[in-house]
Amino acid sequence: MKKVTKQSFGITKDGKEAHLYTLENSKGMKISMTDYGAALVSVQVKDAQGKLRDVVTGYDAVSGYEDGTASFGAPVGRCANRIAGASFALNGQTYELEKNERKKNNLHSGNNFYNKRFWKAEEDETKVTFILHSPHMDQGFPGSLDMYVTYELTEENEVKIHYHAVPDKDTIINMTNHSYFNLNGHQSGEITEHSLWIDSDYFTRADEESIPTGELIEVAGTPMDFRTFTRIGENIDADYEATILGCGYDHNWVLKNEGMLEKVAEVKGDQSKIVMDIFTDLPGIQVYTANFLEAEKGKEDCVYERRTSVCFETQYFPDAIHHDNFISPVCKENQNYDTTTVFRFRIEK
């Protein structure tokens, strides 16, 4: 394993220099991250012909991440996904959050995003750790903490993302990574011909505002059934409540891992034959088929459009704080928030 390389990634509007950190393993796989937003900028994987393909969307310089609104590659926190009414009660106190979606709900913790801040970087031979101090009442959440996000590249072609924090008060923590994948290469057009498997029998039903109702709906006999490999585009526009309201897939699937780090999903690129296995210890995974991406100017003069990528956001269920039947996203005072998600790449046999 080669040591991490560091280079300039441009200057922000307020004159601060961002850096790009690149890891490479002995098999030629490379990943790059930036200290601006701790975003995953590129994942370069060899295809069936041995050609490197960058399989995540992104930008060529920090200016793209500063201006962009799609959260490309971002670690999302303190609470990913949605909180209904942009408020929650904890220990008898109500906390008000920013109403940044539909002027009613909170999405990805409001507009003071973690991915629009500089993180401190610590380098190692196989990993880079980014550290962000989040003070008490940051984004409206109680408790101060230092959030650690570590990206590691292994010799097994795994991108391991490890999150760690210890809050000084009870609070909500629900971190995810918002990378948009296209296993044919980030510039290769729609992902509707990718094949997907998810180890899940249920998804969380959501209303027209993408807020869970609390119901767990069986996937059997619905367009949400990926228990056997299915083309992503096969039922994406089905006449079904979930796909109609989501304008495609933008839903949380209920996983069976019971808090253990296990394989929960697999996706295959139809042209590249690159396969990505997804492992997590979290209870849910949001699959988002970039239904609202439009004319986003990205890397290498690429323009990303609707459904040209797909996100796999491992998480606690959306709005879990308001549903007693969902696993709680509350992390107690002085307790460890510690979770890992792995994206492993290989070639289809």
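**Note on the predicted model**

1. The chain exposes about 14200 Å², of which carbon and sulfur atoms supply 44% (Shrake-Rupley method, 1.4 Å probe). This is a predicted model, in which local features need pLDDT of at least 70 and side-chain atom pairs count only at pLDDT 80 or more, whereas totals for chains, interfaces and linings use all residues. Residues are numbered from 1 along each chain as its sequence is written, and side-chain values use heavy atoms, with hydrogens and water left out.

2. Two helices and 30 strands form the secondary structure of the chain (DSSP runs: helices H or I, at least four residues; strands E, at least two; numbered from the N terminus). The radius of gyration of the chain, 19 Å, is close to the 20 Å that the globule rule gives for 349 residues, so the chain is as compact as a globular protein of that length (C-alpha atoms; the rule is 2.2 Å times the number of residues to the power 0.38).

3. Of the 349 residues in the chain, 59% are buried (under 20% relative accessible area, 1.4 Å probe, protein chains only).

4. Strand S4 (residues 40–46) is largely enclosed by the rest of the structure, because five of its seven residues are buried. Strand S3 (residues 30–34) pairs with S4 in the antiparallel sense over four bridges (pairing requires at least two DSSP bridges), and methionine 33 stands opposite leucine 40.

5. S4 also runs antiparallel to strand S5 (residues 52–54), joined by three bridges; valine 45 has arginine 53 as its bridge partner. In the turn of this hairpin, glycine 50 has a positive phi of about 85 degrees.

Terms used: Buried < 20%, exposed > 50% of the residue type's maximum accessible area, 1.4 Å probe, protein only.
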